Amino acid sequence: MCGRFTITVTWEELLLRFMLDPRPGAYQPRYNVAPGQYIPAIIGGDPSFTGAAPNRFGALRWGLVPSWAQDEKSGARMINARSETAAEKPAFRTLLRRKRCLIPSDGFYEWKKEGSRKQPVRFVLREGEPFGMAALFDTWAAPDGAKLHTCTILTTAANPLVAEVHERMPVILEPEGERLWLDRSIQEERELLPLLRPYPAEAMRYYPVDPKVGRVQHEAPDCIEPLTL
């Protein structure tokens, strides 16, 4: 699963990396993002726009509540969706065709078992650059008419590096894959499913971090500092 991640770059870096609408977004760096929180998300621009439409930036609550759900309790358990079965599950099939988004990140945490304890580690790309995780979103309407916008992050089998720690990893898209994923004119599963594969192990690295990241309440730059063992 993917249960904690970071996005620590500046707004300007985010804007350029993901070709966002240049209007300022409600963004601040995050060092210990957890399920149930509102997280940065990117949705494709208007396909009817002449030329390259800028992508839209906003916030979604992490934990999917499908539009057809009776209540919002499902959000607590639907923080991730298996990419291998996303086209088959009723909760995800329609979203895969029509409601795809990216969750911008520059690292994610996992806990590596070492003897009787678990050591938190942070996975990043080789140069520490930001990346986009494939996700699905939906809007649920409460009985009083209030709308709740939520998302789930897709996962895939771990590459050999991540497999040293966990059997699953988030789907990290290549830049061209991001473009296709956000293109709302694409709705064919045969075009989308090949994008949902493990990111190359050789393009990633990981390092130990302080166990304090295990506390959801702790969110500070020291979360991402390498721990000297």
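**The open sheet and its contacts**

Mentor: Five strands make up an open sheet, in the order 2-1-7-8-13, and their pairing is antiparallel. The two edge positions belong to strand 2 and to strand 13 (204-208); each has a single partner strand, so one side of each is left without a neighbour in the sheet. From one strand to the next the twist averages 30°. Keep in mind throughout that this is a predicted model.

Inside the sheet, take the contact between strand 1 (residues 5-7) and strand 7. The two run antiparallel and are joined by 2 bridges. In general, strands of a sheet pair through backbone hydrogen bonds, either parallel or antiparallel. On the strand 7 side, F108 is the bridge partner of F5. F108 will come up again among the aromatic pairs.

Ring centres have to lie within 6.5 Å to count as a pair, and by this rule there are 6 aromatic pairs. One of them is Y27 with F57: the centres are 6.1 Å apart and the planes stand at 80°, so this pair is edge-to-face. Y27 sits in the loop between helix 1 (11-17) and strand 2 (30-33), while F57 belongs to strand 4 (residues 56-62), so the contact ties together parts that are 30 residues apart in sequence. The relative accessible area of Y27 is 14%, and the limit for buried is under 20%, so Y27 counts as buried.

Now return to F108. Its ring and that of F123 have their centres 5.1 Å apart and their planes at 15°, so they are stacked. This pair, too, links distant parts of the chain: F108 lies in strand 7 (residues 107-114) and F123 in strand 8 (residues 117-125), 15 residues apart. These two strands are next to each other in the order 2-1-7-8-13. Both F108 and F123 are buried.

Two arginines are placed over aromatic faces. R17 lies over the face of F18, 4.5 Å from the ring centre. R100 does likewise with W181, at 5.6 Å from the ring centre.

In one of them the side chains of E114 and R117 meet, at 3.3 Å from N to O. E114 is partly exposed at 30% relative accessibility, and R117 is partly exposed at 40%.

A second salt bridge joins E176 to R179, with 2.7 Å between the closest N and O atoms. Both residues are in helix 3 (residues 175-182), and their spacing of 3 residues is about one turn of the helix. E176 has a relative accessible area of 45% and is partly exposed; R179, at 44%, is partly exposed as well.

D222 is partly exposed, at 29% relative accessibility.

Finally, consider the cysteines. The structure holds 0 disulfides. For C101 the nearest cysteine sulfur is that of C151, 5.5 Å away, and a disulfide would need the sulfur atoms within 2.5 Å. C101 is buried at 0% relative accessibility. C151 is likewise in no disulfide, its nearest cysteine sulfur being that of C101. C151 is also buried, at 0%.

Conventions:
Residues are numbered from 1 along each chain as its sequence is written. This is a predicted model: local features need pLDDT of at least 70, side-chain atom pairs count only at pLDDT 80 or more; totals for chains, interfaces and linings use all residues. Side-chain values use heavy atoms; hydrogens and water are left out. Rings of Phe, Tyr and Trp (its six-membered ring) pair if their centres lie within 6.5 Å; planes under 30 degrees apart count as stacked, over 60 as edge-to-face and the rest as tilted. Helices (H or I, at least four residues) and strands (E, at least two) are DSSP runs, numbered from the N terminus. Buried means under 20% relative accessible area, exposed over 50%, partly exposed in between (1.4 Å probe, protein chains only). A charge sits over a ring if NZ of Lys or CZ of Arg is within 6 Å of the ring centre and within 35 degrees of the ring normal. Two strands pair if DSSP finds at least two bridges between them. Axes are lines fitted to C-alpha atoms, for helices over the stretch in contact, and angles run from 0 to 180 degrees between N-to-C directions. A salt bridge is a side-chain nitrogen of Lys or Arg within 4 Å of a carboxyl oxygen of Asp or Glu.
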